[in-house]
Amino acid sequence: MASTLVSALSVILCALALILYSSPAEAQADLALDCCLTVSRKVIPKHVLLTYRRQFRVDGCPRDAVVFITRKGLNLCAPPAEDEDWVKKTIKVLDTRLRNCKEIKFREKRCHALKNLSF
């Protein structure tokens, strides 16, 4: 009986060790970035955009970029703001829009889509 208990305990400990050992790899796989491989220098109309995020090489992506997210949920890759003046202006417009929506607590219709985003 004691050997059966030791054997069962050994199996449980091995299974636990395997689970703990494999968890970091799974966690890293879940954190994979969706990176822009190319960027477009074509100006994107501001009225179709909802927000943006910045992409950096140091985070594991092949190039620095600004990823604009449209109202329909598309990700559009643009060059960094330092490289293109229109990108800098578009970011400023989106930041102002977000700030204004926060001030009115997202009550206006144009702000509803921004309310559920995490900033």
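Guide: A disulfide joins Cys36 to Cys77, with an S to S distance of 1.9 Å. This is a predicted model, in which local features need pLDDT of at least 70, side-chain atom pairs count only at pLDDT 80 or more, and totals for chains, interfaces and linings use all residues. Residues are numbered from 1 along each chain as its sequence is written, and side-chain values use heavy atoms, with hydrogens and water left out.

Visitor: Why is the pair Cys36 and Cys77 called a disulfide?

Guide: The term requires a pair of cysteine sulfur atoms within 2.5 Å; at 1.9 Å, Cys36 and Cys77 meet this rule.

Visitor: What makes the disulfide of Cys36 and Cys77 left-handed or right-handed?

Guide: The torsion about its S-S bond is about -80°, so the disulfide is left-handed. Cys36 sits in the loop between α1 and β1, and Cys77 in strand β3, 41 residues apart.

Visitor: How do you know whether Cys101 and Cys111 are buried or exposed?

Guide: Cys101 has a relative accessible area of 0% and is therefore buried; Cys111, at 0%, likewise counts as buried. A disulfide joins Cys101 to Cys111, and with -75° about the S-S bond this link is left-handed.

Methods. Helix = DSSP H or I, 4+ residues; strand = E, 2+ residues; numbered from the N terminus. Buried < 20%, exposed > 50% of the residue type's maximum accessible area, 1.4 Å probe, protein only.
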